[in-house]
Amino acid sequence: MTETLIPGATPLAQLETLWREGRAARLDPSAQGGIDRAAALVERAADGDAAVYGVNTGFGKLASVKIEAKDTAQLQRNLILSHCCGVGEALDAATTRLMMALKLLSLGRGASGVRWEICALIEDMLAADVVPVIPAQGSVGASGDLAPLAHMAAVMIGEGEAVFESETLPGGEALARAGLSPVVLGPKEGLALINGTQFSTACALGGLFETITLLRGAVVTSALSTDAIMGSTAPLHPMIHDLRGHQGQIDVAAAMAALMAGSVIRESHREGDTRVQDPYCIRCQPQVTGAALDLIRWAARTLEVEANAVTDNPLVLVEDGAILSGGNFHAEPVGFAADTLAMAISEVGAIAQRRVALMVDPTLSFDLPPFLTPDPGRNSGLMIAEVTTAALMSENKHLAHPCTIDSTPTSANQEDHVSMAAHAAYRLRRMTRNLSVILGVEAICAAQGIEARAPLETSGPLRDAVARLRGVVPSLGTDRYMAPDLEAAAALLRGGTLVRAAGLELAL
C-alpha cells in the first residue's frame with residue numbers, strides 16, 4: 001500500500017503508519033507544478049553570472065569560490081561524496097524510510113529547486129524497499145543533518161551502500177537489482193538533499209511514537225500497581241484535578257479511575273484501612289504521568305510542524321523570483337522536542353521504578369510477600385528484577401541530560417552554533433527500550449501482587465491485562481531463569497498489547 005503525502009499538510013498519524021508498517025510513499029501529484037517552477041528558477045540562476053550560494057558557488061566557508069557552469073554536476077557529486085562521513089551503527093530501516101519520506105515532504109513544497117526526477121527516485125526507492133545504510137553518528141543538527149543525508153543521497157547517485165532484499169549491497173548495485181537507475185545531480189540538487197533536519201526529525205518522531213505507546217502502558221501498569229498494594233483511588237477524584245487544570249493530569253486521572261472501576265480489591269479496604277495516605281509514587285501518578293503527557297503533546301505539535309517544513313538552504317522563492325540564504329536547517333526545534341521527550345521518558349520510568357520497589361518491599365507493600373515470591377528465603381522472587389529497573393532508571397536519568405544546550409563551532413566557525421538535535425533524537429530509542437523493561441517488570445510485579453490478593457479480584461479491564469500478560473509470563477512460583485520473562489513483558493508494552501487488552505483509550 002502506498003501513502004500519498006500532501007506537502008505542508010501531512011498529519012502525524014500518517015507518518016506513524018509509514019514508520020510502523022513500512023508503506024511506500026508518494027507525493028500528491030499537485031506538488032509537481034511547484035517543484036518544476038522552482039527547478040526552472042535554479043536552472044536560470046546556474047546559467048547566469050551572479051553568484052548564487054549552492055548553485056554556482058562552493059559551500060560553507062567556501063561560498064565565495066565561483067564555480068563554472070560546466071563543473072556544476074561535478075560540484076554536486078563531490079558534495080555528496082565528501083559529506084559521507086557518518087560513523088557508528090546503522091539507523092534502523094523503519095526510521096530510514098521515514099527520513100526519506102520526510103525529505104520527500106520537504107522537497108515537495110517547491111522551495112528547494114530540485115527536478116521532479118529527484119523526488120521520483122526517492123519514491124521508487126521506497127516502493128522497491130531500497131534502504132540506504134545510514135550511519136547514526138556524525139550530525140550536529142545544523143546546516144542540516146549533513147552526513148546522514150549524504151549517505152542517503154550517495155545511494156541515489158549510485159554510491160554508498162543500501163539494503164535490498166535483506167542484503168547489504170553497493171548503492172549502484174542495489175538500485176540496479178531493483179530496476180532503478182542513479183541520477184546525475186543538477187544545480188543545487190545535492191545541497192537540497194543533504195541540507196535539512198530529516199534525520200533528526202525522523203529519529204525524534206520514532207521516539208515520540210514509542211513514548212506515547214509506553215506512556216499509555218504506564219497508565220495501565222500504574223493502575224495494576226495501585227490495586228496490588230491496595231492503594232486508594234481517592235486521589236483520582238476528578239475535582240482534584242479540575243482544580244489544578246492541567247489537561248494531561250486530568251486525562252490520566254480519568255483513565256486510571258476507569259481502569260480500576262469495579263475492583264473488589266479496592267472496595268475491600270475502604271473501611272478500616274489504617275493508612276491515611278499512600279506514598280507519592282501511588283498518590284501522585286496523575287500529576288507526574290499527566291505532566292509527561294502534556295510535554296509529549298507539545299513535542300508532537302512541534303514535530304508535526306517540522307515534518308512538513310522546508311529546511312534546506314538556500315530557498316527558492318518562486319513568487320519573488322529569488323534564491324535566498326536562510327537558516328531553516330538549524331534543528332533547534334527538533335532538539336528541544338527530543339530533549340522534552342527525554343525528560344518525560346525519564347520521569348515516567350522513575351516513578352514506575354518506585355512502584356516496583358514499593359511492591360517488592362514487605363515493609364511497604366501492605367502484606368504482600370517479600371519480593372513477591374510465595375516461598376521467600378529459598379527463593380529470591382523478583383528481587384533482582386527490581387534491581388534491573390533501578391539500573392535502567394539511572395541510565396535514563398543520565399541520558400535525559402539536555403543535548404540542545406551543548407553547542408560547538410564547526411566548519412571553520414561558519415557554523416558557530418549548532419543544535420545537537422541528531423543525538424538528542426537518536427538516544428530516545430535507547431531510552432524507550434529501557435522504559436519498556438521498567439514497565440514490563442512493573443506489570444509482572446503488579447500481576448503477582450494482585451494474584452496474592454485472591455480470592456479478591458481486580459477490575460475487569462485489569463483482569464484482562466493480567467490475563468494477557470500471563471499468556472507470555474506465567475505466575476512466579478519457585479525461582480526460574482527470568483531474562484526471557486522481562487523481555488516478553490517489555491515487548492507487550494512496546495507493542496501496545498497490554499494497553500489494548502485493558503481497553504485503554506488515551507488520545508495524544
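**Close-up views of a predicted model**

**View 1. Helices α17 and α18.** The axes of α17 and helix α18 (residues 460-470) come within 10 Å and cross at roughly 115°. Axes are lines fitted to C-alpha atoms, for helices over the stretch in contact, and angles run from 0 to 180 degrees between N-to-C directions. Helices (H or I, at least four residues) and strands (E, at least two) are DSSP runs, numbered from the N terminus. Contact (heavy atoms within 4.5 Å) is made by Ala443, Ile444, Ala447, Gln448, Ile450 and Glu451 of α17, with Val466, Leu469 and Arg470 on the α18 side. Six of these residues are nonpolar, one is polar and two are charged. Here Ala, Val, Leu, Ile, Met, Phe, Trp, Tyr, Cys and Pro count as nonpolar, Asp, Glu, Lys and Arg as charged, and the others, Gly among them, as polar.

The model is predicted: local features need pLDDT of at least 70 and side-chain atom pairs pLDDT 80 or more, while totals for chains, interfaces and linings use all residues. Residues are numbered from 1 along each chain as its sequence is written, and side-chain values use heavy atoms, with hydrogens and water left out.

**View 2. Helices α15 and α17.** The axes of helix α15 (residues 332-360) and α17 come within 9 Å, crossing at roughly 20°. The two helices are therefore roughly parallel to each other (angles under 35 degrees). Their contact has 21 nonpolar, five polar and four charged residues.

**View 3. The largest cavity.** The largest cavity has a volume of about 90 Å³. A cavity is a set of points, on a 1 Å grid over the protein atoms alone, where a 1.4 Å probe fits but cannot get out; lining residues have an atom within 4 Å of a point. Grid points are joined across faces, edges and corners, and a volume is the space filled by probe spheres set on the points. Among the lining residues are Trp19, Asp92, Cys203, Glu210, Tyr426 and Arg429. α9 (198-228) and α17 (421-452) each supply at least two lining residues, and α9 gives the most, with four.

**View 4. Two cis peptide bonds.** The bond from asparagine 313 to proline 314 is cis, with omega near -5°. Proline 314 lies in the loop between α14 (285-307) and β8 (315-317). A cis bond also joins alanine 454 and proline 455, where omega is about 10°; proline 455 is in the loop between α17 and α18.

Technical notes: 1 Å grid on protein atoms, 1.4 Å probe; cavity = no way out; pocket = protein on both sides within 12 Å on 5 of 7 lines; lining within 4 Å. Parallel < 35°, antiparallel > 145°, perpendicular 65-115°, else oblique.
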